[in-house]
Amino acid sequence: MRLRGLAVLLAAALLPGADRPPRVEQLRATGALPAHIAGRFRQVLGFEQTDAGVYYVFDRRAHTIYTVAPGADAPQQLLSLGAEPGRVLDPSAFDLDPADGSFVVADAPGSRQRLQTFTSTLGQLGAFLLPGQSVPRVTLGPFVLNGIGSLQYTGSSILLNQPETGSLVIEYHFDGSIVKTFGQLRATGQEADRDVHLALNVGLPLVDPTGGYVFVFQSGAPLFRKYDARGQLVFERHIEGTELDDYLRTLPTTWPRRRTDQGDVIPLVPPAVRTAAVDRSGRVWVSLTSGYTYVYDAAGDRIHVVQFRGATGAIAPDSLFFTRDGRVLVTPGCYEFAVPKDW
């Protein structure tokens, strides 16, 4: 798999713009995992919940996934560290089917990209390695600069962003066979530099619970696309706002390179988007690297600008997950927020 560069670019001061609601809406945490439980985790990049109420916590630095049952005093570790099938080593992404508690995790034993799918009782539904040479994992904060940085689990298949294949999204069966590919790479003006061109097509493939898919580009000029269930483009929307003015104004036309500890040379392409998700009503939530989150309705029109606030202040989300009863779960901090009913 080709190296794909991302680097964090944080904005300092942000003001509301004329093309959006006149104020940023503050969402304050209504709950969280108890401090004595949340404090045991090292680097949480996924916090999700089954419809039955069991929390799943993906701790990348601990190389595992935990569950926290309702009323439990301690988390339960699901997977052990290791390269063997049924274990995990150097994991990078995780997603859950809330209906039945099955889940998929991406890891990299021997620097080979692997995906494993499990039932809620740890029966293995499938496992496969992605083709390509072994490449040591390179990360920067929550971002994976090469390999699988995000995935989406449909309950019966896995969606990955792999622009090096010529398509934005590939849908895989649990055994690694391809269901379909969709999404044309966007023009970047950097086609002569393949690594930069691919980095500008890195993004988040998302399932829309109301039907079809959404793809959110993370770097370059930020935008998202809506696709139908067949993978045909429905619409494209640019992500715009005062929060992005500095990012766009300073977006370079040539990209610096960085040599990693492993000797690889990668382009540093700053992201505009940290994470994104589609709620169960079909609204698209896009969290910027500034920490602000834009909310778009099913037609692609922006309807809210949100800032999440936890016990210690503003939160820049690394992940978003929407529960059956309308709450949004956010990391870091393993916080819960109630989405206003009048939205």
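Here, a residue is buried if its relative accessible area is under 20%, exposed if over 50%, and partly exposed in between (1.4 Å probe, protein chains only).

**View 1. The whole chain, in a predicted model.** Of the 343 residues in the protein chain, 56% count as buried. The chain has three helices and 30 strands; these are DSSP runs numbered from the N terminus, with helices being H or I of at least four residues and strands E of at least two. Because the model is predicted, local features need pLDDT of at least 70 and side-chain atom pairs count only at pLDDT 80 or more, while totals for chains, interfaces and linings use all residues. Numbering runs from 1 along each chain as its sequence is written, and side-chain values use heavy atoms, with hydrogens and water left out.

**View 2. R283 and its surroundings.** R283 sits in the loop between β23 (273–278) and β24 (284–288), and is buried at 13% relative accessible area. Its side chain makes a polar contact of 2.7 Å with the side chain of D279 (N or O atoms within 3.5 Å; within protein, one must be able to donate a hydrogen and the other to accept it, and residues adjacent in sequence count only if both atoms are side-chain atoms). The R283 side chain also gets to the backbone oxygen of W343, at 2.9 Å. Beyond its neighbours within four places in sequence, R283 is in contact (heavy atoms within 4.5 Å) with residues including V295, Y296 and I303.

**View 3. An open sheet of four strands.** The order is β3-β4-β5-β6, with antiparallel pairing (two strands pair if DSSP finds at least two bridges between them). β3 (44–49) and β6 (76–77) are at the edges with a single partner strand each, so one side of each has no neighbour in the sheet. β3 pairs with β4 (residues 55–59) over five bridges, and V57 in β4 is the bridge partner of F47.
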